[in-house]
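Work through the exercises below with the sequence and the 3D structure open beside you. Each task is followed by a solution that goes step by step.

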Amino acid sequence: MQLPNFYEHYCPAKIIAGQRSLSNLPFEMGRFGTKRALVVIEEDIYKTGFINLLEQAFTDSELNIGQVFSRKNTRVTLGGAREIADLFRRSDCDCLIALGGGEAMDAVKSAAILIGANSGELPSEERFSMTLPKIFAVPAAYAPGYPVTNLVELFDEGKKKSRYFFSDDLIARLVVLDPRLTLKTSASNRVAYAMDALARSVEAIMEPEVNPIVLIYARAAIGLVVKNLESALEEGKRERQADQALANASLYAGIAFSHASRGLIAATAQGLNCITGMQTGIASSILLPHGFEMFSEKYGSQIGEAAGAFTSKRLSATESGVAAVRASLEALQGVSPLPKRLHEAGIIESELERVAEAVRETPFYCESFFNSQDVAVLLEKAF
Amino acid sequence: MNMPNFYQHYCPGRIIAGYDALKKIPSLMDRLGCKTAMVVTDKGVVAAGLIKHVEAAFEGADCSIAHVFDESPPDSSNIASNKLAGLFKGYKCDLFLAVGGGSALDTAKGANIVISQKSDDLLNIQGAENIEADLLPTIAVPTTAGTGSEVTKAAVIYNEEKKVKMLFSADKLYPTMAVLDPKMSATVPPKITAATGLDALTHSIEAFINLQKNPIDDAYAVAAIELIAKYIVRATENGASDMEARFGMANAALMAGAAFSNSMVGIVHSLAHACGAVCHVPHGLANGILLPWSLEYNLPRVAEYIGQLCEPLGCEQTGSDPLEQARLTIRAIRDLEERLNGVCGLPLRLKDAGVSGDKLPMVARVAVNDGCLMYNPLEVGYEDALRVLRNAF
Amino acid sequence: MLELTRFEKTMISARKFPVWRRMETKAKRVYLAMALRTFGAAFEAVTASSKECENELSQWEEGRRFALGVEPSGPYITLEKKGRKIRMIGTGLKEPVLSIVFKNLDSAMMVYTTYMGVVQATAENRAVIRGDNGKAMEVIRVLEIIMTYLLPGFILRKNFRTAPTLSAPQYLVMLRIYVSLVPSLVKTFF
Ligand SMILES: [Fe+2]
């Protein structure tokens with residue numbers, strides 16, 4: 001392991017993962033001194049009844065759920081966040097639980113900012129200094145990174161644009177991965193999320209001076225994906241194990257990626273999602289092998305550091321890490337049921353230009369790191 | 001790997017590591033909204049001139065050091081903690097800056113508990129394993145690379161009245177920040193460098209094979225083992241000038257600390273704690289001596305896991321038989337320790353570390369009551385403990 | 001698609017009703033209270049008959065009181081060392097010096113339905129130990145011995161760290177324990 005001259009790492013999220021971990025949530029929340037939670041949940045998750053499991057966990061506890069807010073699966077807006085913040089105050093809650101996927105998490109984060117500001121208005125600065133109520137996350141879908149980033153995006157209807165905010169208080173203090181909650185994921189979705197985790201982990205370490213803790217999370221995520229992707233497609237008991245492994249991988253990848261939060265594949269996948277509605281997981285899966293080739297020369301040594309996670313056999317001296325990773329990615333693509341090219345996924349060539357434009361608007365785009373030329377090349381290769 | 005049935009992972013402190021990381025302390029204090037630091041350390045650290053480095057970092061900053069408390073005893077005690085708490089309030093400080101090994105940090109943690117519970121005596125605090133009040137911020141600056149206490153939630157404080165050790169362990173006790181700067185460990189003598197490094201190695205290996213192993217602690221452990229295999233001999237041999245090796249070891253100790261504060265340690269530590277209590281063998285040294293023998297004890301249950309550590313330790317993976325692989329790992333650890341023995345005369349046997357043979361039964365009896373055994377993959381009874389001790393004697 | 005089992009689904013929908021949720025919690029509590037009392041009785045019976053326990057207990061100070069139970073609102077039992085055996089002094093927390101408590105009902109259920117051992121549960125952070133760690137280790141060792149006498153070998157092998165094979169004389173002790181459990185149970189429940 002190569003160490004950089006300087007790094008800083010911060011992740012205050014406590015991971016609670018495994019059987020009946022949801023039952024542990026009230027106890028752990030109690031340690032943060034919180035008493036009454038507002039639960040924000042997405043409508044389709046609400047229908048699955050998972051909220052009942054959460055309520056059950058609070059039945060034998062000194063803490064309670066003040067209110068449950070079920071929201072439509074739509075983009076998070078300022079108006080929507082205000083609604084949650086108002087409910088929070090009216091129902092006298094002191095903390096927030098996001099039960100669901102990325103949107104529930106974003107809604108909770110946005111509401112937390114409004115609650116912290118206590119004025120119903122967003123702060124003018126992207127990076128503000130005020131204390132926010134504690135946030136806890138119960139991902140009910142694989143949630144790469146959402147609970148562990150210090151970033152939130154919300155749409156300001158008044159100003160008609162997306163706004164971004166950063167604060168360490170936006171990171172969930174507890175992340176509960178209960179295997180019961182991710183089971184409803186279909187096999188192809190599971191692969192998509194896993195490939196997304198893989199892409200994020202690979203990009204997290206393609207940095208000039210990678211933080212070794214990030215490398216640790218990335219390696220752990222890669223190892224879990226590589227070893228479990230195939231079993232995740234099977235039926236039966238092993239599948240459950242694999243499912244739990246992939247959910248964990250997804251979270252680790254999020255922790256790794258959130259440290260720099262930039263990457264060609266992540267930005268391009270986000271752009272594809274904005275313009276064509278393509279699921280980012282599928283986009284990541286298609287883009288990963290091509291993106292990897294584009295950067296492998298530049299970051300050969302970093303990739304070598306993680307190569308061990310990709311393969312169980314020891315690399316001989318002549319075999320480069322890059323080659324090993326390439327072989328492993330090919331093998332994964334071989335078992336994956338997802339499309340391998342953008343056109344196979346129904347993207348038409350004329351859309352690519354608009355996608356490239358959208359990529360530049362995403363938070364993961366970073367001019368000093370890659371440019372629009374790279375985006376165009378990647379899209380072309382993957383088409 | 002198989003997913004564990006259930007696990008937790010928590011490492012909430014901010015990690016700041018670098019060749020001049022000390023310089024960042026004032027800006028870190030600023031981020032925490034703190035102005036006045038109480039430096040907590042011991043006489044050894046002051047004598048080594050390390051506090052000067054810390055003071056230099058404060059030059060021209062708008063926050064300051066109010067006082068340097070250098071009376072942390074080797075085993076931090078309630079008396080030291082109470083005294084520190086009084087001084088802290090007297091100087092109107094708002095942050096603990098613990099510079100030293102585990103005991104300086106423990107003293108600071110003890111004082112922090114006293115202040116946050118609005119008490120003036122640590123002994124008054126009941127049920128302190130569940131500290132719920134918020135503590136004041138603490139920045140930990142380790143001066144040895146081993147304990148990993150800069151990222152752990154425990155504090156061991158000696159009760160001078162009852163003559164017993166009190167264990168505090170609570171999520172609130174994680175230091176707010178850990179600052180790793182290689183020059184802080186540059187003056188550690190070779191033998192202690194080797195022993196503390198082996199402590200870190202033991203933390204990572206035990207975390208990796210314990211009942212509570214999980215994918216993320218495993219990754220922390222493997223990274224730590226890689227760094228230790230690469231740097232421990234260099235840091236021991238040439239510690240005063242090889243800053244790269246010092247930095248590598250500092251990072252390894254932190255990673256190992258993060259791994260074991262969740263996955264915990266096992267038989268090696270329980271035996272080492274007992275050797276410390278009965279025969280005053282330094283912690284790291286005892287761990288180093290007992291590690292290979294204890295791995296042999298655990299071999300029947302966790303050969304597969306032990307075998308997986310072969311590669312991080314830097315030796316060629318050959319066969320596919322897990323048992324053979326595990327033996328290679330143990331061999332690699334013995335080789336490493338023999339090299340350290342060559343470099344600095346690190347003892348390889350308990351009898352060379354000040355343990356007399358007739359004390360072994362006593363050590364075994366103390367060891368089986370050590371809480372660490374709970375996490376060991378195999379159950380350890382008195383006879384088992386004694387057998388391992390005899391082997392290592 | 002990977003699916004929840006029918007049982008899991010039924011449980012999830014049943015929990016929609018607050019009445020059910022309260023009932024479920026209540027039922028778990030009642031079950032655990034019973035399990036704990038049985039366990040208390042087993043403590044009495046096993047420590048009275050087993051040589052291993054006697055050895056362990058000889059290290060304990062007289063009158064050591066410890067509790068087992070569930071946070072935050074019970075049930076609990078408190079036990080005490082008296083002479084060469086352990087006696088149950090009742091339900092609830094009766095000023096124990098040491099307690100091993102689960103963080104929630106579900107975790108306790110896993111242990112008291114013999115799905116996993118106390119050691120595994122503590123290692124998994126599902127239980128907290130309040131009090132001296134060394135004493136806790138002593139209690140846990142006795143607990144493990146009791147488990148080996150109480151449970152059939154196949155459960156032990158499947159779910160526990162230790163799976164000792166009992167010798168013929170130990171089986172006799174086991175039989176004696178089962179027999180002596182009856183009066184203990186009668187005593188605790190009636
Ligand atoms: Fe240690």
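**Exercise 1.** Find the salt bridge between the side chains of Asp171(B) and Lys14(A), and state its N to O distance.

*Solution.* Begin with the rule, by which a salt bridge is a side-chain nitrogen of Lys or Arg within 4 Å of a carboxyl oxygen of Asp or Glu. Then widen the view to the whole interface, where 6 salt bridges are counted between chain A and chain B.

This is a predicted model, in which local features need pLDDT of at least 70 and side-chain atom pairs count only at pLDDT 80 or more, whereas totals for chains, interfaces and linings use all residues. Residues are numbered from 1 along each chain as its sequence is written, chains are lettered from A and ligands numbered from 1 in the order in which they are written, and side-chain values use heavy atoms, with hydrogens and water left out.

**Exercise 2.** Describe the interface of chain A and chain B by its residues, its buried area and its polar contacts.

*Solution.* First take contact, meaning heavy atoms within 4.5 Å: chain A contributes 40 residues and chain B contributes 43. Next take buried area, the accessible area (1.4 Å probe) that two parts lose on being put together, summed over both; here it is about 3,800 Å², with 51% on carbon and sulfur atoms. Finally, count polar contacts (a pair of N or O atoms within 3.5 Å; within protein, one must be able to donate a hydrogen and the other to accept it, and residues adjacent in sequence count only if both atoms are side-chain atoms): the rule finds 18 residue pairs, both at pLDDT 80 or more, across this interface.

**Exercise 3.** Which element gives the most residues to the side of chain A that touches chain B?

*Solution.* Helices (H or I, at least four residues) and strands (E, at least two) are DSSP runs, numbered from the N terminus. The elements giving two or more residues to this side include β2 (14-18) and α9 (237-258) of chain A. The most comes from α8(A), with 8 residues.

**Exercise 4.** Describe the interface of chain B and chain C in the same terms.

*Solution.* Contact joins 21 residues of chain B to 22 residues of chain C, and the area buried is about 1,900 Å², of which carbon and sulfur atoms give 47%. In chain B, the residues that lose the most area to chain C are Asn369(B), Met374(B) and Glu379(B), together 32% of what that side buries.
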